[in-house]
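Subject: Structure for your review

Hello,

Here is the structure I said I would pass on. My notes on the fold and on a few of its residues come after it.

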Amino acid sequence: MGKKILVPLDGSEQATEALSYTFSEFPDADITVINVIDPIDVGYTSTVGMPGYSEEWYEESKENAAMLFEEAQEMAAEHGTSVSTKTEVGQPAQTIVEFGEEFDHIVMGSHGRSGVSRILLGSVAETVVRRSPVPVTVVR
């Protein structure tokens, strides 16, 4: 039986590279891709106070996740396999760590931030590496 691997997808090039790496390095693995919808993101827009905006934002986020999953399925088909998909709502690093407990390995992309932006924004990958109970591979 192959490993169970979790690959977080956020639409970045690094996340796509992580998924590609997973297909090539773990060809027999059961791969699940996850997209975490961060409710904090809604707070950064000027339309937050408009009635119904949070529902609209959430629906757009789910549609975005569906597009990411479709691309992941296409990549999987190119490698002769398939992936399972999961959408969760929460703080990305914490959600990935908690959901990742059910897996043997997490493979994720790094945004490669450095300097002040890394200090101010933090790093989801770094937090997952520090807190995960399972091995984590970060693909640059």
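Two strands are taken to pair if DSSP finds at least two bridges between them. On that basis, in this predicted model, five strands form an open sheet in the order 3-2-1-4-5, with parallel pairing. Strand 3 (83-89) and strand 5 are the edge strands; each has a single partner strand, so one side of each is left without a neighbour in the sheet. From one strand to the next, the twist averages 25 degrees.

Overall fold

The protein has five helices and five strands, and along the sequence they follow the pattern β-α-β-α-β-α-β-α-α-β. Of its 140 residues, 39% count as buried. Among contacts between residues at least 6 apart in sequence, 74% join residues at least 24 apart.

Sheet and the helices across it

Strand 1 (residues 4-8) pairs with strand 2 in the parallel sense over five bridges. L6 has T32, in strand 2, as its bridge partner. Helix 1 (residues 13-25) lies across strand 1, strand 2, strand 3, strand 4 and strand 5, and runs at about 140 degrees to strand 4. Helix 3 lies across strand 1, strand 2, strand 3 and strand 4, at about 150 degrees to strand 2.

Helix 5

Helix 5 (residues 124-131) has A125, T127 and V128 as its buried residues. Seen down the axis of helix 5, these buried residues fall within an arc of 165 degrees, so they line one face of the helix. What do they pack against? The buried residues of helix 5 pack against helix 3 (92-100), strand 4 (105-109) and strand 5 (136-139).

As for helix 3, its axis and that of helix 5 come within 9 Å and cross at roughly 35 degrees. The crossing of helix 3 and helix 5 is right-handed. On the helix 3 side the contact involves P92, A93, I96 and V97, which meet V124, T127, V128 and R131 in helix 5. By class, the residues in this contact are six nonpolar, one polar and one charged.

V138

V138 belongs to strand 5. Is V138 buried or partly exposed? Buried would require under 20% relative accessible area; V138 has a relative accessibility of 36% and therefore counts as partly exposed. Leaving aside residues up to four places away in sequence, V138 touches M108, G109, S110, A125 and V129. A125 is one of the buried residues of helix 5. V138 and A15 are 123 residues apart in sequence, with 9.5 Å between their C-alpha atoms.

P39

P39 sits in the loop between strand 2 (30-37) and helix 2 (53-78). With a relative accessible area of 37%, P39 is partly exposed. Which residues does P39 touch, not counting residues up to four places away in sequence? They are W57, V89 and G90. P39 and W57 are 18 residues apart along the chain, and their C-alpha atoms are separated by 9.3 Å.

Regards

Key: Residues are numbered from 1 along each chain as its sequence is written. This is a predicted model: local features need pLDDT of at least 70, side-chain atom pairs count only at pLDDT 80 or more; totals for chains, interfaces and linings use all residues. Side-chain values use heavy atoms; hydrogens and water are left out. Buried means under 20% relative accessible area, exposed over 50%, partly exposed in between (1.4 Å probe, protein chains only). Helices (H or I, at least four residues) and strands (E, at least two) are DSSP runs, numbered from the N terminus. The arc is that of the directions from the helix axis to the C-beta atoms. Contact means heavy atoms within 4.5 Å. Axes are lines fitted to C-alpha atoms, for helices over the stretch in contact, and angles run from 0 to 180 degrees between N-to-C directions. A crossing is left-handed if the near helix is turned anticlockwise from the far one by less than a right angle, and right-handed if clockwise. Ala, Val, Leu, Ile, Met, Phe, Trp, Tyr, Cys and Pro count as nonpolar, Asp, Glu, Lys and Arg as charged, and the others, Gly among them, as polar.
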